[in-house]
Structures are given as C-alpha cells and as structure tokens.
Amino acid sequence: MKTLYVKFIVITMGIMILSSIFAFIISNTYYQQILKPDNDEKITKIAESVATYMEEHPTLDLKEHLNHISSVGYQIYLTNDAGEEDFFGAEFREKNLSPSTIETVLGGNTYHGILHFPQGTFVTGFFANELKNTIGVPFRYNEKNYALFLRPDIKLLFNEMHFLFGWLLLFTILLSIIMVLFSTKYLVKPISKLTTATKSLSNGDFNVELDITRQDELGELSYSFLHMARKLEQADDVRKEFISNISHDIQSPLSNIKGYTKLLENESVSVEERGKYISIIHDEIRRLSNLTKQLLLLASLDRSDDIVKKKPFNVSEQIKELVRNYQWQVSEKGIMLSYSLPDIEITGDPSLLNTVWDNLLTNAIKYNKTDGSIEISLEEKEDSIIVSFKDTGIGLNRSEIDRIFDRFYRADSSRTRTIEGTGLGLSIVWTIIKLHDGQIQVESIENVGTTFTIELPIYKQN
Ligand code: ADP
C-alpha cells in the first residue's frame, strides 16, 4: 500500500507536470495563431524599410550599411540577379533557401518565411536559425535587382535573458520539488500521530498527546480526537466505578442474607430473634430486588429511546394518585403535604413519568425532617408544563448538587447514612426527562430544603 505521503507527492508532481504540459500547449497555440503572424508582419516592415532606405540612397555602401544593421541584432542574406551573395551577422545554421524562392523575391515579391515556417512548437519555430525562416524583400540598387532576406538574431537578443529564464525555470522546479517534499511531511505528520493515538486508544491507553495548536482542519481534528479520548476515558472510569458499585451493592445484601440464614440454622435461636432475622433477610431481598429493577430500567433506557411509548394523559391525575398511595408514609413522618395540581394533559410515557414523580416524592419524604412539609405544584407555561417538588428536608451542598444525577451517587453525609437507597433514582429521573426533551433543575439549601423543578414539553395533539 502506498503511504499518504507518497500519494500526495505523486499527485502534486503529476499536477505540476500536467499543468506545465497544458501551459505549453496553450502558449504554443497562442504563438502559432497570434504571435507568429504578428512577428512576420513586424519583420516584413523592418525588411521593407531597410530595402526602401537603400533604394533611396544609391550612393550608400551596401555592405557597410547591412553590416551595421546586422550588428544591432539581425541576420541578413543578400543576393542579386547577377548571382552575387553576401551574409551579414551571425551565420545561419541551415542555408536551405530554394533557388525558386530567391527568383520570386528577385522578381519583386515578398517572401514570408516566418509565417510559413512548418508548424512546430514555438521553441523550434521562433528560435529556428534557418535561412528559410526569414522575410525576403526585393529592391533595386544601382540598376540591379536585389533580394534581401532578414530575420532577428534571437541568440544575440536573448543571450542573457535566455540563461536567466533557464535558471529561473530550473530553480522554480527544484524549489517546488523540495517544498512539496517538506510541506507534505508537515501535512502528513499529524495524521501519522493520529494513527498512533488511535492505536494506543484502542489498547486502552487514553493518555494521548496531540498538537492542537494548529489553526487548520487537522488541528480541529486533533482537538476533536483529544476531546473524544477524554470522553472515552471518563466513560471508562464511569464503567469501572459502575461495576465496582454494583458489585458492592449486590455483595453487601448477599452477605447479610448469608449471615442471617446461617444464624437461622442454629436451633437455639429464640422465636423472637428468628422473626427479627427473617425480617432483615426480607428487607435485604427487597433491596436487591429494587436494585435489579432500577438497573434493568436504566439499561433499557440507555439502550434505545424505543422504550418511550408516548400518549396523551392527565399528568395532574397521575400525581394525585401517587400522593394518595404515599399518604400513609407522609402521615407516619408527620409531614404536611400540599399541592396545586390543575388539570393538564400532556403527551409522554405515563409509566416512565410516573417513575419520575415517584422518585422525587419518595426522596422528598425520605430526606425530609419529621414534621417537615412538601409542596407539589404544576403549572402550564406556553408549550410546557412546570412541575416542582419542594421539601423542607436536609438539603444538599453545592458539590452534592453537582453529583446527585450521577449513577450510584449518594450524598455521603451522616444525615443520609441511615436512609435506604441505591443512588440510582435521580439518574433514572434525569434520563427519562431527557428522553422527553425536558429539563430538570435543583435548588437546595443545606438543612433548609430542596426543590426539584422539571420542565416538560406538552406536545399537544391536534
Ligand atoms: P437514593 O436511592 O439514594 O435516594 P437518588 O438517586 O434518588 O438515590 O438520590 C441520590 C442522592 O441525592 C441521595 O442519596 C441523596 O443524598 C440526595 N437527594 C435526593 N433527593 C434529595 C432531597 N429531596 N433532599 C436531599 N437530598 C436528596
């Protein structure tokens, strides 16, 4: 497999070569179509003016004059009807002019050798140092017919420029190759680093280092990758903590059950004590059963939101029913429970939302003070309902508030130690509210009380 580095270099070089070929073809076409006729016309004019000048100055020393003209950058061939011929300026590489051409010019016609030079590239056409590649004009001088063939001496005109352009081209090509090699390395390096980081991540090592200072797409990708690695690390920590919590929460009632059944095996245990032990075993079984129920619910909530079966129902009726069910617990603790629950219908999953109210109400009872109070209110606000559960209980401090929706989190204060719970209730509440596109907020003051406020969309059905 070719590496990205090699591919990038091959593609860039390919683009450079292709664009040079295209640029060459385009400039060649431009030369053939536009520059060549222009050039021919320009040189024809020069040749004609040289010829006219000589015709008008019969006392002129022809050779001296043409020598003079050739020295400013022309190659000249002069012949006449007497068969005399002379060359001025740099020598032609090929003296391939046909006698018939010479005859035609001597006969008074102009020869356009530059325009009719065989179609090749502009390099061969423009630079071809051939006698054929000239302009031929006739003139009369001292009773003789002359033919003057002329072309610019490209070598003389372009000598320095020629080298300059050559070097320029060479340096441009070399520098582009070097720059492509380095810039590709610069581009590909972070990708290789990302690959290494991905490998270490898949091996469970979340400690990856990437350059996130780059202000481009690769920098952004590295940043997102690091962000993802941190999230995965957190998820891994949560998973480990979750497993250890479950193990602990299952293990402790199981060892209690084991211990008490062992005690029951002892025949000397009194009936009274036997009853006490059986009741403890029952409590532990209930705890285990609650825990597994909550875990199963959380697992199914996590797996998909298909579990949410929404339908319209009267939310105030539902909460009132719940209050009736807990009435005895409320009175037992001497709590004053009041509510304001106007009839409102919403669309949601009645069973899941019942779990939400159930958790909030049992917490408000569990974490309340004796003779405290609970206020439940429901109100409609635009397209949502606002439900709040306010208690005068033990309250929570700032750091506890930040964690109460975490799985298995229980505020570990001396005040809650004796209260039974799993630490899963509020995380279930949070997940259900999110599945209903709602919001949940907590306000709490230690030893004063806590208020949970939930906002849920009504989703009125037409
Ligand atoms: P638990 O089964 O322990 O009640 P929850 O997830 O329902 O688990 O609650 C998590 C923790 O949040 C509780 O252990 C408790 O410390 C705190 N908490 C929940 N509701 C209240 C409340 N109304 N007042 C004070 N503390 C609360």
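Predicted model: local features only at pLDDT ≥ 70, side-chain atom pairs only at ≥ 80, totals over all residues.
**View 1. The shell around the ligand.** Count the residues around the ligand and you get 20, where near means that a heavy atom lies within 4 Å. Asn363, Tyr367, Arg410, Thr422 and Leu426 are the closest. Helix H9 (350-366), helix H11 (425-435) and strand S12 (449-457) each put in at least two shell residues; helices (H or I, at least four residues) and strands (E, at least two) are DSSP runs, numbered from the N terminus. Sorted by class, the shell holds nine nonpolar, eight polar and three charged residues. Ala, Val, Leu, Ile, Met, Phe, Trp, Tyr, Cys and Pro count as nonpolar, Asp, Glu, Lys and Arg as charged, and the others, Gly among them, as polar.

**View 2. The largest pocket, where the ligand sits.** This pocket holds about 870 Å³ of space. Its lining has 36 residues, with Asn359, Asn363, Lys366, Gly421 and Thr422 closest to the centre. Helix H7 (271-303), H9, H11 and S12 are the elements that give two or more residues to that lining. By class, it splits into twelve nonpolar, 15 polar and nine charged residues. A pocket is an open set of points on a 1 Å grid over the protein atoms alone, with protein on both sides within 12 Å along at least five of seven lines; lining residues have an atom within 4 Å of a point.

**View 3. The largest cavity.** The whole structure has one cavity of 30 Å³ or more, and the largest cavity holds about 60 Å³. Ten residues line it, the closest to its centre being Asn39, Ile114, Phe126, Asn133 and Arg151. H1 (4-56) gives the largest share of the lining, three residues. A cavity is a set of grid points where a 1.4 Å probe fits but cannot get out.

**Notes.** Residues are numbered from 1 along each chain as its sequence is written, and side-chain values use heavy atoms, leaving out hydrogens and water. Local features need pLDDT of at least 70 and side-chain atom pairs count only at pLDDT 80 or more, while totals for chains, interfaces and linings use all residues.

Terms used
Sits in = over half its atoms within 2 Å of the grid points. Points joined across faces, edges and corners; volume = space filled by probe spheres on them.
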